[in-house]
Amino acid sequence: MMNQYEMVVLIVAIVMIASVLRGRMGGGRRRDRLGQAPETAAENDRLKQEVRALHERIAVLERITVEKENSLDREIEKLRDR
């Protein structure tokens, strides 16, 4: 008869062997060449596009801010020249 410690060791060994076999046979989640799951790769692409769009918006806001500062300076100079 097997005691409780032998049973625990046997269960751990079975789980380890099963995980090694699954890894060799390609079981589990499918991954691309970088080791990412397809869902993760799609999410990364979406986030990259969103970051690009945000960078473009920031550039537009910076340009608007600079233009307003320059136009404000010009208006002040016009008032001084009066």
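**Notebook: helices, salt bridges and a nonpolar patch**

I began with a pair in helix 2: Glu50 and Arg46 sit 4 residues apart there, so about one helical turn separates them. I then looked for a contact between the two side chains. Glu50 and Arg46 form a salt bridge, with the closest N and O atoms 3.1 Å apart. The model is predicted, and I keep that in mind throughout.

Which other residue pairs with Arg46? I found Glu43, in a salt bridge at 2.8 Å, N to O. Glu43 and Arg46 are both in helix 2, which covers residues 38-81. They lie 3 residues apart, about one turn of the helix. Taken together, Glu43, Arg46 and Glu50 are linked in a network of salt bridges.

Arg46 has a relative accessible area of 41%, so I log it as partly exposed. Glu43 is at 36% and is also partly exposed. Glu50 comes out at 39%, again partly exposed. The cut-offs I applied are under 20% for buried and over 50% for exposed.

**Entry: the other end of helix 2**

How many salt bridges does the structure hold? I count 3. One of them joins Arg80 to Glu77, the closest N and O atoms being 3.0 Å apart. Both residues belong to helix 2, 3 residues apart, about one turn. Is Arg80 buried or exposed? Its relative accessible area is 62%, so Arg80 is exposed. Glu77, at 38%, is partly exposed.

**Entry: helix 1**

I turned to helix 1, residues 4-25. At 1.5 Å a residue, its 22 residues should span 32 Å.

What caps the N-terminal end of helix 1? I found Asn3 there. One of its side-chain oxygens lies 3.1 Å from the backbone nitrogen of Tyr5.

I also logged a nonpolar surface patch of about 540 Å². Met2, Met7, Leu10, Ile11, Ile14 and Val15 make it. Met7 is in helix 1. Its relative accessible area is 40%, so Met7 counts as partly exposed.

**Entry: whole chain**

The chain has 2 helices and 0 strands. Buried residues make up 2% of its 82 residues. The chain exposes about 8100 Å², and carbon and sulfur atoms supply 59% of that area.

How values were computed: Residues are numbered from 1 along each chain as its sequence is written. This is a predicted model: local features need pLDDT of at least 70, side-chain atom pairs count only at pLDDT 80 or more; totals for chains, interfaces and linings use all residues. Side-chain values use heavy atoms; hydrogens and water are left out. The expected span of a helix is 1.5 Å times one less than its number of residues. A polar contact is a pair of N or O atoms within 3.5 Å; within protein, one must be able to donate a hydrogen and the other to accept it, and residues adjacent in sequence count only if both atoms are side-chain atoms. Buried means under 20% relative accessible area, exposed over 50%, partly exposed in between (1.4 Å probe, protein chains only). Accessible areas come from the Shrake-Rupley method with a 1.4 Å probe; for residues, only the protein chains shown count as cover. Patches are made of residues with over 30% relative accessible area and no salt bridge: like charges are joined within 9 Å, nonpolar side chains (Val, Leu, Ile, Met, Phe, Trp, Tyr) within 5 Å. A salt bridge is a side-chain nitrogen of Lys or Arg within 4 Å of a carboxyl oxygen of Asp or Glu.
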